[in-house]
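This report describes side-chain contacts and their surroundings for a reader who has not seen the structure before. The sequence and the model come first, and the notes follow.

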Amino acid sequence: MASPKRDELIQLADRLIREKGYNAFSFHDLAKAVGIKTASIHYHFPSKVDLGVAVIHWQEQQLKGLIERVGNRPAAQQLEHFLAIYRPIHQQQQVCLVGSLAPDFFTLEPAMQAALQAFSARMLAWVMAFLEAGRAQGQFVFSETVRSRALLLVGGMVSALQMSRLGLPSDFDTLQLTLRQQLSTP
């Protein structure tokens with residue numbers, strides 16, 4: 001069973017990863033923000049890798065819960081739920097967990113690499129499933145493989161977060177609209 005302090009540390013670390021990057025914060029930063037000693041953080045997470053893996057697993061559980069809630073809805077509704085994941089991240093001028101960790105993938109410890117790959121695979125599997133269902137039901141039209149379209153959709157949202165930080169904030173909405181339109185245009 002998770003403790004409230006452990007959960008608070010995971011959520012704070014998640015925010016810092018998405019704001020600054022995994023390599024840009026320390027246990028000292030967490031301790032200062034939460035008002036505890038770094039030894040207390042080590043009690044919950046012996047190493048930063050343990051904390052990083054916990055953050056990825058926490059995000060994966062959030063995704064799993066979303067998929068359980070919306071996985072039986074029509075494909076077009078699932079697409080909207082997928083796109084909605086990124087709106088609060090954009091509004092907070094952050095990047096998603098994958099967008100933050102993927103560039104540093106080869107500097108991460110194997111445990112974090114494996115956790116990130118599993119999280120990404122779960123996301124991609126869900127997107128592929130609702131795209132395939134939507135195409136079979138005539139809700140979506142696309143000519144490439146389901147995997148290719150799913151990669152374009154996920155990659156589009158990851159890059160939309162990155163690019164909207166560099167350009168106009170409206171670029172995020174423009175890209176979401178384009179991604180929707182691409183699914184309805186032969």
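R18 and D14 are both buried in this predicted model. The two residues form a salt bridge, with 2.9 Å between the closest N and O atoms. Both belong to helix 1, which covers residues 4-19, and they stand four residues apart, about one turn of the helix. An α-helix has 3.6 residues a turn, so residues three or four places apart point the same way.

What else surrounds R18? R18 counts as buried because its relative accessibility is 11%, under the 20% limit. Its side chain also makes a polar contact of 2.6 Å with the side chain of Q94. Leaving aside residues up to four places away in sequence, R18 touches Q59, I89, Q94, V95, C96, L97, S100 and R165. One of these, I89, is also among the buried residues of helix 5.

**Salt bridges**

How many salt bridges does a search of the whole structure find? The search finds eight salt bridges. Three of them are set out below, including the one already described.

| Salt bridge | Closest N to O |
|---|---|
| R18 and D14 | 2.9 Å |
| R87 and D173 | 2.8 Å |

R15 and E19 are four residues apart in helix 1, so about one helical turn separates them. R15 has a relative accessibility of 36% and therefore counts as partly exposed. E19, at 35% relative accessibility, is also partly exposed.

R87 and D173 form a salt bridge at 2.8 Å between the closest N and O atoms. This pair links distant parts of the chain, with R87 in helix 5 and D173 in helix 9 (residues 170-182), 86 residues apart. R87 has a relative accessible area of 28% and is partly exposed. D173 counts as partly exposed too, at 38% relative accessibility.

**Helix 5**

Helix 5 has 17 residues and spans 25 Å from its first C-alpha to its last, close to the 24 Å expected at 1.5 Å a residue. Which residues of helix 5 are buried? They are A75, Q78, L79, F82, L83, Y86, I89 and H90. After the helix comes Q93, which has a positive phi, near 55°.

The structure contains six aromatic pairs.

F105 and F106 form an aromatic pair that is edge-to-face, with 5.3 Å centre to centre and 85° between the planes. Are these two residues buried or exposed? F105 has a relative accessible area of 16%, so it counts as buried. F106, by contrast, counts as exposed because its relative accessibility is 76%, over the 50% limit.

**A lysine over two rings**

K48 lies over the face of Y22, at 4.5 Å from the ring centre. K48 also lies over the face of F25, where the distance to the ring centre is 4.4 Å.

**L131 in helix 7**

L131 lies in helix 7. L131 has a relative accessible area of 0% and is therefore buried. Which residues does L131 touch, not counting those up to four places away in sequence? The residues are F140, F142, V146, R149, A150, L153 and L183. As for Q176, its C-alpha atom is separated from that of L131 by 16 Å, and the two residues are 45 apart along the chain.

Definitions and conventions:
Residues are numbered from 1 along each chain as its sequence is written. This is a predicted model: local features need pLDDT of at least 70, side-chain atom pairs count only at pLDDT 80 or more; totals for chains, interfaces and linings use all residues. Side-chain values use heavy atoms; hydrogens and water are left out. Rings of Phe, Tyr and Trp (its six-membered ring) pair if their centres lie within 6.5 Å; planes under 30 degrees apart count as stacked, over 60 as edge-to-face and the rest as tilted. Buried means under 20% relative accessible area, exposed over 50%, partly exposed in between (1.4 Å probe, protein chains only). A charge sits over a ring if NZ of Lys or CZ of Arg is within 6 Å of the ring centre and within 35 degrees of the ring normal. A salt bridge is a side-chain nitrogen of Lys or Arg within 4 Å of a carboxyl oxygen of Asp or Glu. Helices (H or I, at least four residues) and strands (E, at least two) are DSSP runs, numbered from the N terminus. A polar contact is a pair of N or O atoms within 3.5 Å; within protein, one must be able to donate a hydrogen and the other to accept it, and residues adjacent in sequence count only if both atoms are side-chain atoms. Contact means heavy atoms within 4.5 Å. The expected span of a helix is 1.5 Å times one less than its number of residues.
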